[in-house]
Amino acid sequence: MYTEATNAGTSNTSRRTFLKAAGAAAGMALATQRTARGSVETLAINGGTPAVPAPDTDAWRWPRYGEAEEQAVLELVRKPGYDPIDELEAEWCDYMDVPHAKAHCNGTSALASMFFALDLPPGSEIMVPSYTFFATIVPMRLFGLVPVFVDINPRTLNFDLDDAKRRLTPNTKAVLPVHWIGLPCDMDAICDWAEEKGLIVLEDAAHAHGATLQDKYMGAWSDMAIFSYQMSKPLPAIEGGMGTYMTQEYYDRATIFGHYQAPGIPDGSIYKKYLGTGLGLKLRMHPMAAALARCQLQGLEERVSAGLAQTRRLNDVLTELPGLYEQTSGRTDMRRIHYEWNMLFIDEQEAGVSREAVVAALQAEGVRADALSYRLQHKQPMYTEAAWWHHLPEIPELPGSDTANATSIALPYFTREAPEMVAQYIKAFEKVWAHRHELT
Ligand SMILES: Cc1ncc(COP(=O)(O)O)c(C=O)c1O
């Protein structure tokens with residue numbers, strides 16, 4: 001299905017160790033040559049010519065729709081109906097190799113339905129990273145569920161299992177890792193621990209369509225998972241979401257919460273009697289979104305592989321620069337995907353320069369670099385106000401999340417082949433690194 005060559009699992013550590021062991025011969029010669037090349041040119045921030053003189057903004061345009069999508073939407077306009085929803089659900093089950101899937105109007109409604117499906121008593125705790133979009137957490141409050149904020153590893157931006165272990169209480173009932181911008185969490189270790197402790201495993205795979213660990217898709221590791229098909233996501237339907245369920249019971253509950261026609265709920269189910277009323281919400285996906293998602297699913301595997309190969313061409317060079325790292329777990333048994341950002345991290349001490357100075361210099365070179373600080377949920381006011389919660393969440397210190405926000409350098413993810421931009425970004429980084437000790 002995919003090759004090792006497209007696997008993003010090569011860690012900085014192993015690359016650096018290899019270079020050291022080999023007397024750094026080939027790698028160092030290359031680095032010296034690059035440094036020499038970069039050092040002769042004046043930085044754009046000091047009046048030199050930018051390395052990216054005319055940024056190709058089309059390189060990160062998303063979504064990319066074509067004739068197939070236009071045709072699918074046109075067909076639906078000419079012959080309106082709901083068929084694309086059923087077809088998408090069947091195709092998603094098939095692709096993911098899961099028994100049940102329900103389309104929802106977005107990822108947030110899929111999450112709310114998932115929390116309802118859990119059927120846990122108020123006060124039940126769910127472990128979840130604070131470093132995530134609000135929708136992974138806030139809908140819990142509608143059912144009296146309590147988020148337990150877990151730290152992330154600042155180099156993976158993913159669920160820190162050791163931190164979760166420290167936060168386990170008798171009220172903890174479930175874990176909800178998020179595969180941040182397409183990098184798989186260590187679901188094997190998380191599932192083993194959850195099984196040992198009797199916890200339900202959930203996944204927020206809103207960013208991870210097509211990512212795998214040990215050849216199993218992210219979303220297929222858990223009892224229930226959600227995906228977003230919102231327009232920035234790897235499978236864009238402009239707005240839309242999907243839930244996947246390993247049991248009929250979970251499917252029935254998640255469905256009846258927002259689907260009054262009880263689609264797919266079998267006659268014997270205790271939820272079938274709510275056909276015609278549902279339980280008060282209508283969260284059906286728009287069929288036009290389903291039509292778009294079906295088209296986008298066709299090319300998903302190809303897009304993932306091409307995106308990985310291109311990002312390797314850029315990151316394999318950038319991560320040779322002192323103090324510059326990429327988001328990776330270093331695992332060779334996973335296939336990440338890329339979404340939205342190509343996230344790098346700076347170790348300021350090792351690099352000998354501050355993140356702010358580097359980002360300013362890169363921006364002057366024409367690089368769309370951002371000293372990204374993602375909004376941490378546990379620092380938001382609504383988690384401290386009793387009015388919104390059955391049980392108020394505890395607000396912890398999360399040093400890994402803070403470190404991530406202090407060290408990230410977000411580059412855009414190039415959504416189509418952009419060899420010129422890759423070459424120019426490499427040149428910009430090499431220039432800035434060659435002059436980094438002059439930057440203040
Ligand atoms: C991690 C994560 N979970 C859930 C969602 C919610 O998805 P949607 O925007 O489709 O409601 C998002 C959306 O950005 C997200 O980033």
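1. Sheet S12-S14-S15. In this predicted model, 3 strands form an open sheet in the order S12-S14-S15, with antiparallel pairing. Strands of a sheet pair through backbone hydrogen bonds, either parallel or antiparallel. Here two strands count as paired if DSSP finds at least two bridges between them. Helices (H or I, at least four residues) and strands (E, at least two) are DSSP runs, numbered from the N terminus. The edge strands are S12 (324-326) and S15 (408-412), each of which pairs on one side only. From one strand to the next, the twist averages 35°; axes are lines fitted to C-alpha atoms, for helices over the stretch in contact, and angles run from 0 to 180 degrees between N-to-C directions.

2. Pairing of S14 with S15. Strand S14 (residues 341-346) runs antiparallel to S15 and is joined to S15 by 5 bridges. Trp-341 has Pro-412 of S15 as its bridge partner.

3. Numbering and confidence. Residues are numbered from 1 along each chain as its sequence is written. Because the model is predicted, local features need pLDDT of at least 70 and side-chain atom pairs count only at pLDDT 80 or more, while totals for chains, interfaces and linings use all residues.

4. Sheet S9-S8-S13. Another open sheet of 3 strands has the order S9-S8-S13, and its pairing is antiparallel. Its edge strands, S9 (216-217) and S13 (334-335), each pair on one side only. Strand S8 (residues 212-213) and S9 run antiparallel and are joined by 2 bridges. Leu-213 has Lys-216 of S9 as its bridge partner. The loop between S8 and S9 holds Asp-215. Asp-215 has a positive phi of about 65°, although it is not a glycine.

5. Helices H4 and H9. Two packed helices are described by the angle between their axes and the distance between the axes. Helix H4 (residues 83-96) packs with helix H9 (residues 287-298) at an angle of about 35°, and their axes are 8 Å apart. The crossing of H4 and H9 is left-handed, a term used if the near helix is turned anticlockwise from the far one by less than a right angle (right-handed if clockwise). H4 contributes Pro-84, Ile-85, Glu-87, Leu-88, Glu-91 and Tyr-95 to the contact, and H9 contributes Pro-287, Ala-290, Ala-291, Ala-293, Arg-294 and Leu-297. Residues are in contact if their C-beta atoms, placed from the backbone, lie within 7 Å. By class, this contact has 9 nonpolar, no polar and 3 charged residues.

6. Ligand shell. Which residues are the closest to the ligand? They are Asn-106, Gly-107, Thr-108, Ala-206 and Ser-228, among the 14 residues that surround the ligand (C-beta atom, placed from the backbone, within 6 Å). By class, the shell has 4 nonpolar, 9 polar and 1 charged residues. Ala, Val, Leu, Ile, Met, Phe, Trp, Tyr, Cys and Pro count as nonpolar, Asp, Glu, Lys and Arg as charged, and the others, Gly among them, as polar.

7. A cis peptide. The peptide bond that joins Trp-62 and Pro-63 is cis, with omega about 0°. Pro-63 is found in the loop between helix H2 (25-39) and helix H3 (67-78).

8. Whole chain. The protein chain has 14 helices and 15 strands. Its radius of gyration is 23 Å, close to the 22 Å that the globule rule gives for 440 residues, so the chain is as compact as a globular protein of that length. The radius is taken over C-alpha atoms, and the rule is 2.2 Å times the number of residues to the power 0.38. Taken along the principal axes, the C-alpha atoms fill a box of roughly 75 × 55 × 40 Å.

Conventions
Two residues are in contact if their C-beta atoms, placed from the backbone, lie within 7 Å.
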